[in-house]
Amino acid sequence: MSFWLARIRAAFDLSYGQKLFLLATVPLIVAVTLITLVVTIQSRQLAEREIAALEAELIEAKKEELKNYLSIARTAVVNTYGRAAPDDEAAKLAVTQELSAMLYGQDGYFFVFEYDGTNIVAPRQTYLIGKNWTGLKDINGIPITDEIIRIARTGGGYHTFEWPKPSTGANGQMIVYVNGLQDWRWAMGTGIFIDDVVQSVAAARADVEQRINRTSLYIVGIATIAVLGVFISGLILNIRERRLADTKLKALTQRIFDTQEEERGRVARELHDGISQMLVGVRYALELSKRRLGMDNAKAGDSLDKGIASLGGAIQEVRRISRDLRPGVLDDLGLGPALQALTDEYTNRTGIHVDFETVVFRNRLDQEARIALYRIAQEALTNIERHSGATSVSVSLKGNRKGAVLNIADNGTGMVWPGAARGRAQGIGMRNMQERVEQLGGTLRVLSTSQGTTIVAQVPLTHMLKPEETRKKTA
């Protein structure tokens with residue numbers, strides 16, 4: 001069971017590219033499916049209405065044709081029928097003979113049924129003559145003789161049923177038009193097969209179905225091409241983005257290595273040039289004091305004082321290096337005091353006056369924002385010291401509706417130092433500042449002229465702690 005659950009989880013554990021592809025293709029496929037269904041349904045409904053109208057029009061033409069045929073037949077026998085009495089057998093015989101001779105087309109003829117159901121005229125189907133066909137129905141159970149007689153009694157009309165064709169004997173759909181000769185109690189009529197109408201309607205319906213299928217294939221083809229386009233585009237973008245990501249990752253890794261090596265070199269130089277020299281001086285002072293004490297020299301105390309002073313300087317240097325690596329005041333008191341300490345030490349060390357201004361954040365910035373803004377200020381001050389030739393710097397840390405803003409401005413020469421130095425500074429320092437801000441979702445702007453350079457770093461409000469979180473942090 002656990003195996004299948006793991007397989008199901010693995011099936012739904014999609015990569016970002018697969019999720020993006022599904023997000024693009026699933027709505028497209030659903031939309032195309034719905035469009036295909038709507039187009040198919042609407043096309044079929046429209047086609048059925050058109051086919052029904054065509055069928056009604058063709059049948060109406062057939063009915064008019066039948067009415068004309070029966071009108072011709074009545075005209076042919078009206079004189080004989082009009083002068084005859086109800087029991088004039090000679091007139092009836094003459095009329096039956098005349099109607100029997102009136103044939104048209106391949107299957108057209110006139111028929112006569114007496115009201116009792118007996119057929120007396122059927123020239124193309126003589127087996128019907130002289131027999132009573134009351135209760136006769138077609139293969140679908142539709143009454144024939146009884147309905148024809150009923151229509152004739154009520155004044156005339158149309159009736160449709162299945163009937164064998166005289167020419168082939170095969171059943172076909174037939175429409176008859178019937179009138180009544182009421183004096184003789186006859187139902188006289190004629191019929192016409194509508195196979196051509198049925199075939200025309202079937203052909204029209206097949207053509208419509210073919211067109212609908214062809215339209216559906218076109219839609220499916222276009223959707224397939226679109227899905228393939230999305231897939232290929234996504235694949236190309238994915239490969240391109242992967243290559244760019246790999247390139248950026250390699251460059252970032254190299255920059256990290258370079259930064260690490262630079263920081264290690266800086267710490268090593270400070271340890272060697274500063275603390276190491278101080279400790280060597282302390283050692284020499286202590287050794288000199290030892291020799292002087294052995295000789296009861298009065299200057300032994302001066303040597304000890306000098307060693308103690310050198311040892312105190314070494315301690316201060318260790319603290320400075322430790323503060324540069326990770327200032328404790330940043331964690332204990334917040335960003336404002338840490339920047340104040342940084343600028344004070346910077347002024348004392350370089351002689352460049354720094355005017356620092358801030359508002360009381362009360363440790364409201366989260367740890368990531370504090371570290372990033374502190375390192376940006378550190379990097380900016382280092383660049384100013386090395387490259388700008390500035391005599392004064394202003395640093396401000398404030399907040400606005402968009403977040404916290406760190407502004408660093410100097411009165412130096414701007415970014416016009418030699419190309420080699422500029423390339424290194426921009427390759428490491430500026431990129432480090434840019435990447436720190438981007439990781440926080442903020443912005444970094446650098447404005448440089450011949451009168452100086454201004455760096456503005458802003459982090460969004462999402463990195464501002466809520467009051468209750470601040471209380472918990474400082475408690």
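**Exercise 1. Find what share of the 475 residues in the protein is buried.**

Start with the cut-off: buried means under 20% relative accessible area, exposed over 50%, and partly exposed in between, with a 1.4 Å probe and protein chains only. By that rule, buried residues make up 34% of the 475 residues.

Some ground rules before going on. This is a predicted model, in which local features need pLDDT of at least 70, side-chain atom pairs count only at pLDDT 80 or more, and totals for chains, interfaces and linings use all residues. Residues are numbered from 1 along each chain as its sequence is written, and side-chain values use heavy atoms, with hydrogens and water left out.

**Exercise 2. Decide where pLDDT stays under 50.**

Recall that pLDDT is the predictor's confidence in each residue, from 0 to 100. The protein averages 78, and 75% of the residues score at least 70. Where pLDDT is low, the predicted coordinates should not be read in detail.

**Exercise 3. Work out which elements supply the largest nonpolar core.**

A nonpolar core is a set of buried Ala, Val, Leu, Ile, Met, Phe, Trp, Tyr and Cys residues joined through side-chain atoms within 4.5 Å. Of the 33 residues in the largest one, Leu-339, Leu-373, Val-393, Leu-406 and Ile-408 touch the most other members. Elements supplying at least two residues each include helix H8 (335-350), strand S7 (392-400) and strand S8 (403-410). Helix H9 gives the most, with 9 residues. Helices (H or I, at least four residues) and strands (E, at least two) are DSSP runs, numbered from the N terminus.

Zoom in on one member: Leu-339 touches Phe-356, Tyr-374, Ala-377, Leu-397 and Leu-406, not counting residues up to four places away in sequence. Apart from this core lies another, of 29 residues, among them Ala-47, Tyr-81, Tyr-104 and Ile-192.

Note on methods:
Contact means heavy atoms within 4.5 Å.
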